[in-house]
Amino acid sequence: MEMDEAALAGVKERNLQQIAREVEAGNTHLRSLPASLYVDVTKRCNLRCPSCFRSAPEHAHDEWPELGFSAFERIAHELFPAAYRVILSGGGESLLHPDFPRMLELCLRYRVRPLLYTNASTLTAATVTLLARSGAYLGISIDGATPETFERLRFPLKWERMLQALDLMRTIGREVGNEDFYPYLGVVLQNDNLDELPLFLDLAREYGMEQVKFSSLIPYYPGLRDKVPSPRDLERELVKALEKANELGIYVYAPVQGNTEFSGRLQELLDVNGGLPFRIRRNNPDRFVQYPRFAAPSCQIPWAECLVTADGKVNIGCCSSYELGDLRRDPFAAIWNGRRYARLRRTVNGRRPLPPCRKGACPFR
């Protein structure tokens, strides 16, 4: 029997309250279910971006896994009623999955907000409509703000195709009228695009987007090391971008190095930027999980979030590769309250956490 929207909202709220009680008590065996899920539906991609991990020579002949729809459907029926969000990206191009529209229909059915990154190369009007109706938090990986840079960094996608996709999202987003639909631009900072950062703000403004996320380039293989900007160059150009962002009213996420002559000015601009009344604050997709921070190192991830890989493994919900179970062998309930999860919850906020949860290994601590 399907639940209506009010009943689903009640289930989600009661589950969230139960999570808070079990975190407070330090329970290792839970009655609650995750409020947030990573479900990596595919590792396949149709681009050959030089900054991607899959461009490393050791991955040249890899076969990339894909989660079957029947497995996704089981996860949805069991976990989506209690969950608020599902992150459908984990390194591949999610829209390449042949059943991706059916996955979005399940998100709509259970009122779960999908979050994903896409290269936008295969976006259609039908898919954008589903994304808009489901209130997707949709990152558009772009990396170049001019045709030449874009086509070099997002090969073999063409600049005109990207502009068509941005226009499609703007047009259909307005037609659907769901304020929770939140497309934004995602940019990996590298020497090739460092002089274009203010142009990304202009693009966001032109296509009705409120946010640009700048992220650091990870040198997955030696050939990428020369593409990583120096801290000084990076912060100098980010200052220019933030000045433009504050002028246009665009929300920016940017990494701060903190040790250059531009760090103080950059932090000032970020503080101003963070105080602007952005729409995302009304429905922040990160509000369901308390991630550890320098000032508040306590972690709720083992109680509130989990990750299902494209080959059916259950891992810690912060994209860690630490395996907690395998859905091909065991049901989720047995994994969620199994021995490995109990050990993780018992140790994560103690003096001797497991290796992936230690400072320097954890992406948040």
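This is a predicted model: local features need pLDDT of at least 70, side-chain atom pairs count only at pLDDT 80 or more; totals for chains, interfaces and linings use all residues.
Together with Arg 339, Arg 343 and Arg 346, Arg 340 forms a positive surface patch.

## Overall fold

The protein contains twelve helices and ten strands, and its C-alpha atoms fill a box of roughly 50 × 50 × 45 Å along the principal axes. For 365 residues a compact globule would have a radius of gyration near 21 Å, and the value of 21 Å found for the protein agrees with this. Of the 365 residues, 53% count as buried.

## Salt bridges

Across the whole structure, 19 salt bridges are found. In one of them Glu 261 pairs with Arg 232, with the closest N and O atoms 2.7 Å apart; Glu 261 lies in the loop between β7 and α9 whereas Arg 232 belongs to helix α8, so the pair ties together parts that are 29 residues apart in sequence. Glu 261 is exposed at 53% relative accessibility, while Arg 232 is partly exposed at 40%.

Another salt bridge joins Glu 268 and Arg 265 at 3.6 Å, N to O, and these residues, three apart in helix α9, are separated by about one helical turn. Arg 328 and Asp 326 also meet in a salt bridge, at 2.9 Å; here Arg 328 is exposed at 57% relative accessibility, but Asp 326 is buried at 2%. Elsewhere, salt bridges with shared partners join Asp 233, Arg 236, Glu 237 and Lys 240 into one network.

How values were computed: Residues are numbered from 1 along each chain as its sequence is written. Side-chain values use heavy atoms; hydrogens and water are left out. Patches are made of residues with over 30% relative accessible area and no salt bridge: like charges are joined within 9 Å, nonpolar side chains (Val, Leu, Ile, Met, Phe, Trp, Tyr) within 5 Å. Accessible areas come from the Shrake-Rupley method with a 1.4 Å probe; for residues, only the protein chains shown count as cover. A salt bridge is a side-chain nitrogen of Lys or Arg within 4 Å of a carboxyl oxygen of Asp or Glu. Lys and Arg count as positive and Asp and Glu as negative; His and the chain ends are not counted. The place of a charge is taken as NZ of Lys, CZ of Arg, CG of Asp or CD of Glu. Helices (H or I, at least four residues) and strands (E, at least two) are DSSP runs, numbered from the N terminus. The radius of gyration is taken over C-alpha atoms; the globule rule is 2.2 Å times the number of residues to the power 0.38. Buried means under 20% relative accessible area, exposed over 50%, partly exposed in between (1.4 Å probe, protein chains only).
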